[in-house]
Amino acid sequence: MTSITIEQAARTFGSVRAVDGVSIAIRDAEFFTLLGPSGCGKTTLLRMVAGFCDLDSGRVLFGDKRIDTLPPHQRNTGMVFQNYAIFPHLRVGDNVAYGLKARNVPADARADRIARALKLIQLEGHEGRWPHQLSGGQLQRVAIARAIVIEPNVLLLDEPLSNLDAKLRIEMRGEIRRLQKTLGITVIYVGPYRGHEVGEGRADWGAGGDLPNAGDTICGEIRRRDQLARGYGREPFW
Ligand SMILES: Nc1ncnc2c1ncn2[C@@H]1O[C@H](COP(=O)(O)OP(=O)(O)O)[C@@H](O)[C@H]1O
Ligand SMILES: [Mg+2]
């Protein structure tokens with residue numbers, strides 16, 4: 001049960017203000033979609049929540065507990081990276097085992113949890129396959145299995161559908177939604193532009209809720225979808 005509060009989060013790399021004072025409140029078990037153009041700071045924001053990127057200023061809380069000062073393994077987040085980041089030299093089972101080994105889960109319990117995670121993403125019995133023997137959609141699902149096998153409270157998905165063709169994207173969208181409902185976890189889903197939303201829940205644009213332009217940076221308080229829809233005289237996204 002994890003609500004996420006991001007308060008005035010900021011990070012600069014050299015002369016680039018990657019994230020410029022972002023505040024977002026995400027409810028427990030919410031599916032929150034964040035959309036924005038390339039370079040606006042979406043990945044940086046997810047990395048801040050996961051613990052792979054320090055904040056220059058601001059805070060991140062899970063529930064009422066401040067977590068941006070904790071190391072990644074104490075946050076219990078699962079992250080699916082933009083390029084999947086599947087280890088090519090490890091079989092599917094060992095890829096999924098990665099987070100469990102890091103948490104010292106014993107081998108017999110590991111095997112059971114890996115089997116369950118693979119079943120959930122409909123790759124039952126694929127433990128022994130090598131990554132190069134899998135399709136793009138299957139690789140993407142292995143990346144999801146690797147993130148959920150640790151039973152995270154928060155799942156962070158960084159443009160997980162961008163490398164897939166249109167048909168597979170629609171299929172995977174359904175699977176991600178189903179998975180989130182089954183597990184009842186809080187999800188931040190990042191997509192590059194409209195059309196990548198997974199459906200239901202809220203979707204917000206970066207750049208302070210305005211429709212973004214290339215070159216915009218995520219900033220300000222990210223507003224709710226219904227306000228956005230009214231503000232721009234558009235239909236809600238779904
Ligand atoms: N580790 C880093 N070092 C230097 N610049 C970075 C680093 N990470 C991100 N940036 C820069 O910060 C900006 C936001 O990047 P990113 O968060 O990856 O955006 P997005 O995911 O929205 O495409 C970009 O200009 C990018 O080049
Ligand atoms: Mg990115």
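Biologist: Is Gln122 buried or exposed?

Modeller: Please bear in mind that this is a predicted model. Gln122 is exposed, because there are 12 other C-beta atoms within 10 Å, and a residue counts as exposed if that number is 12 or fewer.

Biologist: Where is Gln122 placed?

Modeller: Gln122 is in the loop between helix 3 (107-120) and helix 4. Its phi is positive, about 60 degrees, although Gln122 is not a glycine. Most residues other than glycine have a negative phi.

Biologist: Which loop holds Glu151, and what is the phi of that residue?

Modeller: Glu151 is found in the loop between helix 4 and strand 7 (154-158). Glu151 is not a glycine either, and its phi is positive at about 55 degrees. Glu151 counts as partly exposed, because it has 13 C-beta neighbours inside 10 Å.

Biologist: Let us turn to the ligand. Which residues are around ligand 1?

Modeller: They are Phe13, Val16, Ala18, Gly36, Ser38, Gly39, Cys40, Gly41, Lys42, Thr43 and Thr44. By class, this shell has 4 nonpolar, 6 polar and 1 charged residues.

Biologist: Which element supplies the largest share of that shell?

Modeller: Helix 1 does, with 3 residues. Strand 2 and helix 1 (42-50) each supply at least two residues.

Biologist: How many residues of helix 1 are buried?

Modeller: 9 of the 9 are buried, so helix 1 is largely enclosed by the rest of the structure. Lys42, Thr43 and Thr44 are among the buried residues of helix 1, and these three also belong to the shell around ligand 1. Just after helix 1, Gly51 takes a positive phi of about 105 degrees.

Biologist: How do strand 1 and strand 2 pair?

Modeller: Strand 1 (residues 4-13) and strand 2 (residues 16-26) pair in the antiparallel sense, over 8 bridges. Ala9 stands opposite Val22 in strand 2. The hairpin of these strands has 2 residues between them, and Gly14 in that hairpin takes a positive phi near 55 degrees.

Biologist: What does Gly58 touch?

Modeller: Leaving aside residues up to four places away in sequence, Gly58 touches Glu7, Gln8, Ala9 and Ala10. The C-alpha atoms of Gly58 and Ala10 are separated by 6.3 Å, although the two residues are 48 residues apart along the chain. Gly58 itself is in strand 4 (residues 57-62).

Biologist: What is the exposure of Gly58, and why?

Modeller: Gly58 is partly exposed, because 17 other C-beta atoms lie within 10 Å. A residue counts as buried if that number is 20 or more.

Biologist: Now the helices. At what angle do helix 2 and helix 4 pack?

Modeller: Helix 2 (residues 92-102) and helix 4 (residues 136-148) pack at an angle of about 35 degrees, with their axes 7 Å apart. The crossing is right-handed. Helix 2 contributes Val92, Asn95, Val96, Tyr98 and Gly99 to the contact, and helix 4 contributes Val142, Ala145 and Arg146. By class, this contact has 5 nonpolar, 2 polar and 1 charged residues.

Biologist: Finally, the chain as a whole. How many helices and strands are there?

Modeller: There are 6 helices and 10 strands in the chain. Of its 238 residues, 38% count as buried. Among contacts with a separation of 6 or more, 68% are between residues 24 or more positions apart.

How values were computed. Residues numbered from 1 in each chain as written. Chains lettered and ligands numbered in written order. Predicted model: local features only at pLDDT ≥ 70, side-chain atom pairs only at ≥ 80, totals over all residues. Pairing = 2+ DSSP bridges. Helix = DSSP H or I, 4+ residues; strand = E, 2+ residues; numbered from the N terminus. Near = placed C-beta within 6 Å. Nonpolar A, V, L, I, M, F, W, Y, C, P; charged D, E, K, R; others polar. Axes fitted to C-alpha atoms, helices over the stretch in contact; angles between N-to-C directions. Left-handed = near helix turned anticlockwise from the far one by under 90°. Contact = placed C-beta atoms within 7 Å.
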